[in-house]
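Please open the model in a viewer and follow the selections below in order.

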Amino acid sequence: LPTAAPGVTPARVLTIAGSDSGGGAGIQADMRTFALLGLHACVAVTAVTVQNSLGVQGFQEIEPETVAAQMHSVVADIGVGAAKTGMLASAPIIEAVAGACIDLGIGRDSGVPLVVDPVCASMHGDPLLATEALDTLRSKLIPLATVVTPNLDEVRLITAIDVVDATSQRAAAHALHDLGVQWALVKGGHLRSSEQSPDLLFDGDEFHEFVHPRIATAHDHGAGDTLAAAIASALAHGYSVPDAVSFAKRWVTRGLESAYPLGAGHGPVNPLW
Ligand code: PLP
């Protein structure tokens with residue numbers, strides 16, 4: 001990706017996501033990737049999690065109107081070339097974010113691409129999205145997205161498809177695309193039967209497959225956030241969606257290779273290029 005030049009305003013990107021007090025995932029992971037890739041990051045905070053390397057002990061949501069107001073404020077003044085959602089916590093926050101995206105021209109049919117990482121739970125299984133919010137996610141936000149990036153647990157919650165092999169992965173990509181997203185990325189990193197990490201990208205017409213070796217590490221906290229942030233970064237620089245995903249996949253693979261231990265639990269991916 002192009003690097004930022006001193007004194008020159010870089011490309012801007014907006015993350016709409018939750019804070020991780022442990023500094024591994026969420027906004028903190030997004031901002032690490034954005035900064036390393038030379039982008040200026042604007043932030044609409046959706047929730048503050050109480051979290052360390054062992055898990056999420058609790059969180060407090062931000063008022064939906066305040067989430068939307070943060071989006072309006074930064075887009076009106078600073079402008080953004082792409083946006084990304086992470087933890088959205090509740091149906092009212094999803095509705096506020098979707099409404100603001102429509103008002104601000106963010107989304108698949110507008111000038112500003114939108115990456116939706118449909119965060120439902122932490123890697124420890126701690127819920128980060130209310131179960132009753134899944135309908136709102138499906139009906140209000142996914143149809144606005146340029147790319148949606150679920151892992152296999154999220155695919156099961158959103159489409160009720162259990163991905164176990166290449167055939168069910170394709171079926172899941174179709175089901176996600178049927179919800180109205182422009183490109184569905186079904187991440188295969190949790191496909192434990194495979195020695196590879198096969199991600200499948202589908203726009204209703206063509207399949208693109210991105211296969212990387214599975215990196216054996218316990219330190220993969222924030223991997224999903226980092227992938228979606230790297231996709232948004234590349235889109236802000238004008239990459240096509242397949243090129244952005246290809247770049248982001250290599251970015252996360254490198255991040256997993258140089259991940260470090262932290263605390264007594266799972267350390268974060270460490271995307272050094
Ligand atoms: N905390 C926040 C605020 C997040 O946004 C996310 C993931 O998107 C997580 C925790 C979970 O990250 P992981 O699944 O890597 O534990």
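Select α7 (223–236). Helices are DSSP runs of H or I with at least four residues, strands are E runs of at least two, and both are numbered from the N terminus. The 14 residues of α7 should span 20 Å at 1.5 Å a residue, and the end C-alpha atoms are 20 Å apart, so the two values agree; the expected span is 1.5 Å times one less than the number of residues. This is a predicted model, in which local features need pLDDT of at least 70 and side-chain atom pairs count only at pLDDT 80 or more, while totals for chains, interfaces and linings use all residues. Residues are numbered from 1 along each chain as its sequence is written.

Colour α7 by burial next: 14 of its 14 residues are buried (20 or more other C-beta atoms within 10 Å of a residue's own, with C-beta atoms placed from the backbone). Just after α7, G238 has a positive phi of about 90°.

Now display the largest nonpolar core, which has 87 residues (buried Ala, Val, Leu, Ile, Met, Phe, Trp, Tyr and Cys residues joined through C-beta atoms within 7 Å). α7 contributes the most to this core, with 10 residues. V13, I231 and A232 are among the residues with the most contacts inside the core.

β1 (12–20), β2 (40–52) and α7 each supply at least two residues of its shell. Of the 18 residues around the ligand, G18, A25, G26, M87 and M123 come nearest (C-beta atom, placed from the backbone, within 6 Å).

Finish at strands β8 (residues 196–202) and β9 (residues 207–213), which run antiparallel and are joined by seven bridges. P198 has V211 of β9 as its bridge partner.

How values were computed. Buried ≥ 20, exposed ≤ 12 C-beta atoms within 10 Å, placed from the backbone. Pairing = 2+ DSSP bridges.
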